[in-house]
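Please look through the sequence and the 3D structure before reading on. The notes after it are grouped by topic.

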Amino acid sequence: MGDNREPLINRNNNNDNSNNKNKFARSISHAQDELHIFRSYLRWMCVDQSNVWRASLSWSMFILFAIVVPAVSHFVLACSTCDSKHSRPYDTVVQLSLSSVATLSFVCLSTFVRKFGLRRFLFFDKLVDESETVRNGYTEQLNRSLKILSVFVIPCFVAESAYKIWWYASGASQIPFMGNVYVSDAVACIMEICSWLYRITVIFLVCILFRLICYLQILRLQDFASIFHQDNDVGPVLSEHLRIRRHLRIISHRYRAFILLLLVLVTGSQLASLLITTKSGAELSVYTAGELALCSMTLLAGLLILLRSATKITHKAQSVTCLAAKWHVCATVDSFDVADGENTASAQIAYARQFTMGARQESDGDEAGDEEDDLDNNKLIPSYAYSTISFQKRQALVTYFENNRAGITVYGFTLDRTTLHTIFGIELSLVLWLLGKTIGIS
């Protein structure tokens with residue numbers, strides 16, 4: 001199979017016309033490129049709409065598992081006459097919350113793949129212009145995406161499966177059935193478990209794809225930081241930054257409606273859960289509210305993936321301003337040392353020695369964390385990196401960075417860490433309160 005696979009990325013450095021034509025031709029998805037596993041997963045999830053047959057199957061499965069099965073489960077299998085352990089007083093909020101978010105995720109994913117194609121949507125068509133480090137890092141992250149998806153989906157699926165199996169097994173005689181009670185309950189249990197699995201997988205899939213796209217821009221920003229350690233003019237630095245800002249605007253434009261609507265739906269779900277569980281006479285236990293707590297944690301986890309990815313890339317993009325200012329300061333200080341009469345070579349040696357000693361002292365102290373890289377660190381920049389750039393050009397570039405901060409935005413509002421802390425604090429407090437009430441600790 002490996003002999004028939006066509007490379008997704010053309011790594012040849014030849015600039016002849018044939019290579020340029022090959023690169024242009026590979027901007028279209030190929031059945032056996034490195035994305036074929038991802039496409040197979042989309043087909044398995046029945047969200048592949050590459051032709052009329054698959055589109056019909058995709059929408060049929062969506063209607064079945066996201067609308068029909070939850071509706072039948074709520075209106076037919078609600079079991080209002082069951083005992084306190086098998087009654088489901090909060091099933092309305094659970095089914096509406098999951099189905100509404102799953103509908104939003106499915107519609108957005110279908111639109112993205114149909115409008116842009118999977119390869120273009122994931123920016124793989126842009127990798128031909130990136131460095132080998134960025135291409136390898138992004139390809140590796142793509143291969144990890146399905147594993148990360150399973151980390152979120154499997155625990156939720158196991159917990160829901162255990163609850164449904166217990167619910168049907170222990171209350172078989174009380175639950176409405178058709179024909180044979182055991183066959184009817186087994187079919188209903190399997191359909192409800194599949195419906196839950198389908199909905200949470202679609203929700204997490206869109207969130208993981210957003211995380212993957214943001215990871216590519218973080219790799220590009222880290223690679224962009226190396227420009228300040230080279231003897232480049234201001235022009236290439238400005239051109240590369242404009243290209244990164246353009247891609248960030250594209251990502252923001254594609255995902256802004258999804259992020260905003262997901263935030264509204266999740267917040268509405270948490271508020272509804274809060275209202276129905278605090279009313280007088282509400283009975284809270286693992287049996288009655290366990291599914292509601294699991295639903296809240298699932299939706300909050302998906303929202304957190306989105307917001308954390310957005311705020312992380314915004315933080316990295318805004319760190320460019322700090323890096324450029326540090327680069328400008330180091331250049332200015334060094335230029336004054338040379339102007340005072342020091343020999344250039346001896347000044348650079350002394351500067352490098354101070355830089356080495358400072359770095360050694362920092363490494364002997366506290367750890368800075370796993371987010372420190374070439375873009376965001378406390379290391380000085382050697383003087384050779386700015387030897388040919390004038391003060392006025394450096395100052396103009398720093399001023400540009402200060403007034404053109406990049407990042408992920410939602411209709412003009414930048415998603416930074418302050419926004420994340422505010423939103424997550426509100427959502428988490430609601431979920432923890434509900435979880436505490438469920439297990440009886442509050």
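What follows is a short briefing on the fold, its aromatic rings, some of its helices and a few backbone angles.

The structure is a predicted model. Its chain has 12 helices and 2 strands. Of the 442 residues of the chain, 45% count as buried.

**The chain as a whole**

- Along the sequence, the elements come in the order α-α-α-α-α-α-α-α-α-α-α-β-β-α.
- Among contacts between residues at least 6 apart in sequence, 85% join residues at least 24 apart.
- The chain exposes about 22,100 Å², and carbon and sulfur atoms supply 60% of that area.

**Aromatic pairs**

- How many aromatic pairs does the structure hold? There are 14 aromatic pairs.
- A pair of aromatic rings is described by the distance of the centres and the angle of the planes.
- One of the pairs is formed by Trp59 and Phe106, whose ring centres are 5.0 Å apart. Their planes stand at 85°, which is over the 60 degrees needed, so the pair is edge-to-face.
- Trp59 belongs to helix α3 (residues 52-75) and Phe106 to helix α4 (residues 91-116), so this pair ties together parts 47 residues apart in sequence.
- Are the two partners buried or exposed? Trp59 has 35% relative accessibility and counts as partly exposed, whereas Phe106 is buried with a relative accessible area of 0%.
- Phe112 and Tyr255 have ring centres 5.2 Å apart and planes at 40°, so their pair is tilted.
- This pair links distant parts of the chain, since Phe112 is in helix α4 and Tyr255 in helix α8 (residues 234-278), 143 residues apart.
- Phe112 counts as buried at 6% relative accessibility, and Tyr255 is buried at 1%. Because buried means under 20% relative accessible area, both values qualify.
- Phe112 and Tyr255 also belong to one aromatic cluster, together with Phe121, Phe210 and Phe258.

**Charges over rings**

- Which ring lies under Lys164? Lys164 lies over the face of Trp167, at 5.7 Å from the ring centre.
- The charged end of Arg254 sits over the ring of Phe116, 3.9 Å from the centre of that ring.

**Helix α3**

- At 1.5 Å a residue, the 24 residues of α3 should span 34 Å. The C-alpha atoms at its ends are 33 Å apart, which agrees with that expectation.
- Where does α3 bend? The bend is at Leu64 and is about 35°.
- An α-helix has 3.6 residues a turn, so residues three or four places apart point the same way.
- The buried residues of α3 are Ala55, Ser58, Phe62, Phe65, Ala66, Val69, Pro70, Ser73 and His74.
- These buried residues pack against α4 and α7 (181-225).

**Helix α2 and a residue of α7**

- Helix α2 covers residues 36-44, and its buried residues are His36, Phe38, Arg39, Tyr41 and Leu42.
- What do the buried residues of α2 pack against? They pack against α5, α6 and α7.
- Thr201 is placed in helix α7 and is buried, with a relative accessible area of 3%.
- Leaving aside residues up to four places away in sequence, Thr201 touches Tyr41, Met45, Leu149 and Val153.

**Positive phi angles**

- Most residues other than glycine have a negative phi, and most peptide bonds are trans.
- Phe123 is a residue other than glycine with a positive phi, near 65°. Phe123 is found in the loop between α5 (118-121) and α6 (132-170).
- Tyr411 is not a glycine, yet its phi is positive at about 55°. Tyr411 is found in the loop between β1 (409-410) and β2 (413-414).

How values were computed. Residues numbered from 1 in each chain as written. Predicted model: local features only at pLDDT ≥ 70, side-chain atom pairs only at ≥ 80, totals over all residues. Heavy atoms only, no water. Helix = DSSP H or I, 4+ residues; strand = E, 2+ residues; numbered from the N terminus. Buried < 20%, exposed > 50% of the residue type's maximum accessible area, 1.4 Å probe, protein only. Contact = heavy atoms within 4.5 Å. Areas by Shrake-Rupley, 256 points an atom, 1.4 Å probe, with all protein chains shown as cover. Phe/Tyr/Trp six-rings, centres within 6.5 Å; stacked < 30°, edge-to-face > 60°. Lys NZ or Arg CZ within 6 Å of the ring centre and 35° of its normal. Expected span 1.5 Å × (residues − 1). Bend = angle between axes of the 7 residues up to and from the residue.
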